[in-house]
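I opened my notebook to record what I could look up in this structure. Here is the model I worked from.

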Amino acid sequence: MMLTFTLPEMSCGHCTGAISRALKELDPACELEFDLPAHRLRVQSSADRDEVIEALIDAGYRPA
């Protein structure tokens, strides 16, 4: 399932690393596409939307 999120706090490589670690822990096979200027994240994952949102919030990046 492809999910798209706007993450206002995501602004740098440190952010993308923290998000990657959190989501890879949830689903090691997930694919991530980051658009830092737009603060946008696209996630291809077998995890459901609520699980991905919870992982993002736990990592400190609440979707808008």
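My entries follow, one topic at a time.

**Entry 1: the model.** I note at the start that this is a predicted model.

**Entry 2: Leu23.** I began with Leu23, which is found in helix α1, residues 13–26. Is Leu23 buried or exposed? Its relative accessibility is 2%, so Leu23 counts as buried, the limit being under 20%. Next I looked up its contacts, leaving aside neighbours within four places in sequence. I found Cys30, Leu32, Leu41, Val43, Val52, Ala55 and Leu56. I also checked Leu23 against Glu54. The two are 31 residues apart in sequence, and their C-alpha atoms are 9.8 Å apart in space.

**Entry 3: the core.** How many residues does the largest nonpolar core have? I read 16. Leu7, Ile19, Leu23, Val52 and Leu56 have the most contacts inside this core. Two or more residues come from each of β1 (2–6), α1, β3 and α2 (49–58). Helix α1 gives the most, with 4 residues. I then took up Ile19 and again left aside neighbours within four places in sequence. Ile19 is in contact with Leu7, Met10, Phe34, Leu41, Leu56 and Tyr61.

Entry 4: I turned to strands β2 (residues 31–35) and β3 (residues 40–44). They pair in the antiparallel sense, over 5 bridges. Which residue in β3 is the bridge partner of Glu31? I found Gln44.

**Entry 5: the salt bridge.** I counted 1 salt bridge. The side chains of Arg40 and Asp35 meet in it, at 3.9 Å from N to O. In general, side chains of opposite charge can pair when their charged atoms come close. I checked how open each partner is. Arg40 has a relative accessible area of 36%, so I call Arg40 partly exposed. Asp35 has 32% and is partly exposed too.

**Entry 6: the cysteines.** How many disulfides does the structure hold? I found 0. Cys15 is in no disulfide, and the nearest cysteine sulfur, that of Cys12, is 3.6 Å away. Cys15 is buried, at 6% relative accessibility. Cys30 is in no disulfide either; for Cys30 the nearest cysteine sulfur is that of Cys15, 17 Å away. Cys30 is buried, with a relative accessible area of 2%.

Terms used:
Residues numbered from 1 in each chain as written. Predicted model: local features only at pLDDT ≥ 70, side-chain atom pairs only at ≥ 80, totals over all residues. Heavy atoms only, no water. Buried < 20%, exposed > 50% of the residue type's maximum accessible area, 1.4 Å probe, protein only. Contact = heavy atoms within 4.5 Å. Pairing = 2+ DSSP bridges. Core = buried A, V, L, I, M, F, W, Y, C linked by side-chain atoms within 4.5 Å. Salt bridge = Lys/Arg side-chain N within 4 Å of Asp/Glu carboxyl O. Disulfide = S-S within 2.5 Å.
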